[in-house]
Amino acid sequence: MPRRVTIGFATIFTVLVLWLMLSTVLAVIPSGRFPSPAETWSALVHVSGRGYGGGDLMMHVYNSLRLVVMGFLFAIFTGVPLGLLMGWSRRAEALINPIFLIIRPIPPLAWIPLAILWLGLGDAAKIMVIWFSAFVPSVINTYAGVRNIDRPMLEAAYMLGMPRLRFVSEVLIPGASPMIFTGLRLSLQASWTTLVAAELVGAFYGIGRVLNVAQQDLYPGMILVGMIAVAILGWGTTRALGVVEARALRWNTAALAAKG
Amino acid sequence: MGVIEFKNVGKIFGSRASGFVALEDINLEIRDKEFVAIVGPSGCGKTTCLRMVAGFEPATDGVVSVDGNPIKRPGPDRAVVFQQFALFPWKTVYENIDLGLRNLNVSRPERRERIDAILTLMNLTAYAKHFPHQLSGGMQQRVAIARAYVLDPDVLLMDEPFGALDAQTRVVMQEELVRLARKNPRSVLFITHAVEEAVYLADRVAIMTRAPGRIKEVLDVASIRNAENWDSHEKIEDVMDLESFVHLRTHIWRSLREEKAAQHA
């Protein structure tokens, strides 16, 4: 096991021991404020078995994950092409950029009320808000990625007489891809943030819903279970994206390493 | 065919009234399968000349044409070798060389044949599956030259192609380019600020003035090369020792030094 991983496990273990000491053994933290490990465990058993907040844990996780993935994919498939277009065409940039300048400062969460007003408490409103929050980093980073492609490389492509579609798929997209993936990572983070917030405001299922109900029930153990669930899901999806990135950018990581 | 012609060509960057006059009244003809080098002080607009033939920059005045057709846009009939190689780092050596042929809709078996031939010629066969970053600068520029040559272009444009290489690699590449150019002649426009390189490689050398760049003098190297039989010497240093070579080189140096002096005066 690499040294870093060993240290990581040691840190987590220490935090767990400290938690146990402070909450249970020494009882410094009152359990109404922060749950003990035992309380958290029982909350986990509760939500996994009988269910809580309208469903069991798998159901909540499944719903949250589904919405994030849908909103995120929707954002990629709209944001990346738009970023490519803006990076490529000065005219498109001139046309679209002003809209961006107006919309960008509005925090994605501020769209939640409007989304619920339009689309109700169901999935559609949440997908819309997630799409909104994930869309902006996708567009901006893709745009910057295209702009960062070396000028001679583009000229080499013109010189080789690339047909338009091939130019996009074999030069523009790979050339911008390191930045595109940076954008996707930011988009994914934004997706989770927005999802939990949207579910807190109103939802029938989902981890945000669990958190919201647990807060109303004054149930710290369940709040912590919800938070840990979001952390694990966020980590897992980021890892999955990382695997895709490592595969897609194999040439780039190696190129960076070669440069030193 | 591949006759490159500059007819009363001028280039102004910015507006005609207040812009920077880069080139003025350039007249030069590069005959079919002739190797012409342009040397000049830095900033004299020699690269701009090449970029106009490539179709990357329009001429402000006059006409740049190939075989009588004014140049409108870049294209594979005028292959470019860039100073910074400009290979696609996400494509292997083979894929980099293949790309232009695919764009020309050459059939797969023919592409394979032509790429294998150029890989052999450039000593790159063992590196076909490598990515550019796995190769040294000299090897990368070999790939870029192969990418240009494989298109079988009428016109080959080389913009200080060895400028980014170390001195020893540069010499090897110069020798290889001479080999390639004699075996497989093209109309070549070669931009450099290295005088020896120009004399060693070119049939004619055009000397440019400082900005606004004009062509000051065109020297016929080929007739001297043939008369003195330079190509019988395999190594560049042997050629560079010949009296006729030294004479030409000194002549160009003096001419360029006058430009420097004019600049400081």
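Which residues in H2(B) meet which residues in H3(B)? The legends below take up this contact and several others in a predicted model.

**Figure 1. Packing of helices H2 and H3 in chain B.** Helix H2 of chain B covers residues 93–103 and helix H3 of chain B covers residues 108–121. Tyr94(B), Ile97(B), Asp98(B) and Leu101(B) are the residues of H2(B) in this contact, and they meet Arg111(B), Arg114(B), Ile115(B) and Ile118(B) of H3(B). Sorted by class, the contact of H2(B) with H3(B) holds five nonpolar, no polar and three charged residues. The two helices pack at an angle of about 130°, and their axes are 10 Å apart. H2(B) is therefore oblique to H3(B). The crossing of H2(B) past H3(B) is right-handed.

**Figure 2. Packing of helices H5 and H6 in chain A.** Helix H5 of chain A is formed by residues 112–119, and helix H6 of chain A by residues 123–147. Their axes come within 8 Å and cross at roughly 145°. The crossing of H5(A) and H6(A) is right-handed. On the H5(A) side the contact is made by Ile112(A), Ala115(A), Ile116(A), Trp118(A) and Leu119(A), while H6(A) contributes Ala124(A), Ala125(A), Met128(A) and Val129(A). The residues of this contact of H5(A) with H6(A) comprise nine nonpolar, no polar and no charged.

Figure 3. Is Glu237(B) buried or exposed? Glu237(B) counts as exposed because it has 8 C-beta neighbours inside 10 Å, and the cut-off for an exposed residue is 12 or fewer. Val171(B) is 66 residues from Glu237(B) in sequence, and the C-alpha atoms of the two are 9.0 Å apart in space.

**Figure 4. Domain 1 and domain 2 of chain A.** Domain 1 of chain A takes in residues 1–30, and domain 2 of chain A takes in residues 31–259. A distance of 31 Å separates the C-alpha centres of the two domains. Where the domains touch, six residues of domain 1 of chain A are in contact with seven residues of domain 2 of chain A. The domain 1 side of this contact is made up of four nonpolar, two polar and no charged residues.

**Figure 5. Contact between chain A and chain B.** Chain A brings 16 residues to the contact, and chain B brings 20 residues. In chain A, the elements that give two or more residues to the side touching chain B are helix H7 (151–159), helix H8 (164–201) and helix H11 (250–259). Which of these gives the most to that side? H7(A) does, with six residues. By class, the side of chain A that touches chain B has 14 nonpolar, one polar and one charged residues.

Figure 6. Along the principal axes, a box of roughly 70 × 50 × 30 Å holds the C-alpha atoms of chain A. Chain A has 260 residues, of which 37% count as buried. Among contacts in chain A with a separation of 6 or more, 75% are between residues 24 or more positions apart.

Conventions
Residues are numbered from 1 along each chain as its sequence is written. Chains are lettered from A and ligands numbered from 1 in the order in which they are written. This is a predicted model: local features need pLDDT of at least 70, side-chain atom pairs count only at pLDDT 80 or more; totals for chains, interfaces and linings use all residues. A residue is buried if 20 or more other C-beta atoms lie within 10 Å of its own, exposed if 12 or fewer, and partly exposed in between; C-beta atoms are placed from the backbone. Two residues are in contact if their C-beta atoms, placed from the backbone, lie within 7 Å. Axes are lines fitted to C-alpha atoms, for helices over the stretch in contact, and angles run from 0 to 180 degrees between N-to-C directions. Helices (H or I, at least four residues) and strands (E, at least two) are DSSP runs, numbered from the N terminus. A crossing is left-handed if the near helix is turned anticlockwise from the far one by less than a right angle, and right-handed if clockwise. Ala, Val, Leu, Ile, Met, Phe, Trp, Tyr, Cys and Pro count as nonpolar, Asp, Glu, Lys and Arg as charged, and the others, Gly among them, as polar. Angles under 35 degrees count as roughly parallel, over 145 as roughly antiparallel, 65 to 115 as roughly perpendicular and the rest as oblique. Domain bounds come from an automatic or database domain assignment.
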